[in-house]
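Hello,

Here is the structure I promised to pass on. My notes follow below it.

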Amino acid sequence: MSKLIVVSNRVARPGGGSGSEGGLSVGVNAAMKERGGVWFGWNGKIENKNTNELNSYESGNINYVTVGLSKSEYNDYYKGYANSVLWPAFHHRPELMDYHESDLQGYLKVNIKFANLLRPLIDDDDVIWIHDYHLIPLGEILRKMGVNNPIGFFLHTPFPPQDLLRAIPGYKKILEALMEYDLVGFHTETDRRCFTGGVMHGLDGRELNMGRLSTGRAQTRSGVYPIGIETDNVSEMSGKGKRSTEYTRLRDSLSDRKLIIGVDRLDYSKGLMHRFKAFEGLLKNYPEFLRKVVYLQISPTSRGDVEAYHELAEQIDRLAGHIIGTYADFDWMPIRYINRGFRRATVFAMYQLARVGFVTPLRDGMNLVAKEYLAAQNPEDPGVLVLSKMAGAAAELDAALIVNPYDSQNVSKVLKQALKMPLDERIDRWQHCMEILKRNNIYAWQENFMTDLLAEAQR
Ligand code: F6P
């Protein structure tokens with residue numbers, strides 16, 4: 001029987017949650033629970049030597065197959081080309097790119113290593129689904145090895161417009177590799193259009209019907225598949241999370257103050273500096289909120305060995321210290337800023353305590369925190385989502401309070417609006433968003449992508 005093979009750099013092995021899991025591992029995990037199959041990727045370890053040793057582990061209907069990376073593979077592929085070149089460029093921060101020739105070579109080498117290890121696991125009728133910017137060349141390498149199975153690719157980040165794309169060393173290779181997939185999926189139409197532009201200008205390609213693109217040499221289809229969540233599961237988990245001591249301690253510590261919550265990996269794309277300034281603006285311009293609100297920002301350290309992340313961490317520490325020093329009182333802290341993660345159930349319970357979900361990335365592929373915040377709310381007394389228009393989620397959640405994260409003054413005003421919003425308006429907005437979340441759930445994401453992938457591969 002045909003099996004699904006999912007490949008991603010990060011694999012969410014059961015029980016391995018650190019509280020800093022991103023959208024990919026959470027989303028793929030939920031989608032795979034339903035269908036089962038093989039999930040192949042990096043085991044998260046940096047080994048002292050080169051290794052091709054596979055670890056295989058079965059849980060439920062998923063066979064997790066992982067491999068380690070040597071220090072130099074990690075440096076060139078993960079830390080280098082993936083996270084110091086593609087990540088900043090894909091998130092519109094080309095000035096943060098830090099490129100060395102060895103990065104691109106190392107990136108290709110690890111993709112070849114993954115292909116060599118994966119090849120023996122592939123049976124003729126399997127379907128292969130590759131995820132994210134770490135593994136763009138993998139499909140092309142598998143094709144060269146004679147793999148004729150349906151191969152789809154999904155990008156969890158934004159895709160940059162042509163002018164930015166061409167600043168990436170090796171961008172033509174990236175485009176050519178994407179053209180080798182049967183189907184390339186994006187979260188939003190904006191990203192899909194940027195990809196189309198890239199193929200037209202960068203490869204002299206043409207746009208055909210139904211999102212198909214051709215360069216003469218290769219043809220692919222592109223589509224939009226916004227990743228969703230398991231709404232019922234989030235709500236159930238938030239119930240369970242209320243039994244945690246962290247939840248109880250947070251609730252008791254608030255007394256009658258309103259809670260604003262933000263949960264993001266510590267990443268420059270998340271807009272934490274702008275967000276903190278907007279919160280400071282709330283305290284400064286609307287003193288009625290002094291002592292009446294608490295902003296809890298949970299930001300586990302991420303990619304801490306990449307230079308740009310260090311600098312960001314220092315800047316945010318300084319700004320948080322400044323806001324606390326300026327506005328705090330001996331019995332009130334306006335900001336609680338925490339650099340570690342919590343169990344998902346605990347976080348979901350905390351979401352339910354929060355009157356405002358504060359999600360203002362400068363650029364984000366989707367942002368599942370926005371969706372999980374909504375799904376965790378109490379239907380009779382829901383909180384308000386303040387959401388950046390630069391997150392993919394804004395294309396679906398138009399009943400949230402949508403803001404421009406660069407306009408901190410306006411974000412302060414919108415925070416005020418959220419904190420004062422009457423119950424009937426909160427319920428109306430929340431219900432509208434929930435209808436969309438239930439329709440575009442994680443199963444719909446997987447099914448729609450798979451249906452189009454199989455149809456395209458059969459043409
Ligand atoms: O697409 C971006 C992504 O894969 C997200 O799913 C997640 O937020 C993040 O990157 C994880 O980063 P890392 O694997 O480097 O911890």
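First, the residue classes: Ala, Val, Leu, Ile, Met, Phe, Trp, Tyr, Cys and Pro count as nonpolar, Asp, Glu, Lys and Arg as charged, and the others, Gly among them, as polar. By these classes, the lining of the largest cavity holds 7 nonpolar, 1 polar and 2 charged residues.

Two notes on the source. This is a predicted model, where local features need pLDDT of at least 70, side-chain atom pairs count only at pLDDT 80 or more, and totals for chains, interfaces and linings use all residues. Residues are numbered from 1 along each chain as its sequence is written, and side-chain values use heavy atoms, with hydrogens and water left out.

**Cavities**

A cavity is a set of points, on a 1 Å grid over the protein atoms alone, where a 1.4 Å probe fits but cannot get out; lining residues have an atom within 4 Å of a point. Grid points are joined across faces, edges and corners, and a volume is the space filled by probe spheres set on the points.

The whole structure has 2 cavities of 30 Å³ or more. Helix 15 gives the most, with 4 residues. Helices here are DSSP runs of H or I with at least four residues, strands are runs of E with at least two, and both are numbered from the N terminus.

The second largest cavity has a volume of about 30 Å³. Among its lining residues are His274, Arg275 and Ser408. Helix 10 (272-285) contributes the most to this lining, with 3 residues.

**Ligand**

Which residues come nearest to the ligand? They are Arg10, Leu24, Tyr78, Asp132 and Arg303, out of 11 around it. A residue counts as near if one of its heavy atoms lies within 4 Å. Helix 1 (23-35) and helix 2 (71-90) each supply at least two residues of this shell.

For a polar side-chain atom of Asp132, the distance to a ligand oxygen is 2.7 Å. In Arg265, a side-chain N or O atom is 3.3 Å from a ligand oxygen.

Regards

How values were computed
A polar contact is a pair of N or O atoms within 3.5 Å; within protein, one must be able to donate a hydrogen and the other to accept it, and residues adjacent in sequence count only if both atoms are side-chain atoms. On a 1 Å grid over the protein atoms alone, a cavity is a set of points where a 1.4 Å probe fits but cannot get out, and a pocket is an open set with protein on both sides within 12 Å along at least five of seven lines; lining residues have an atom within 4 Å of a point.
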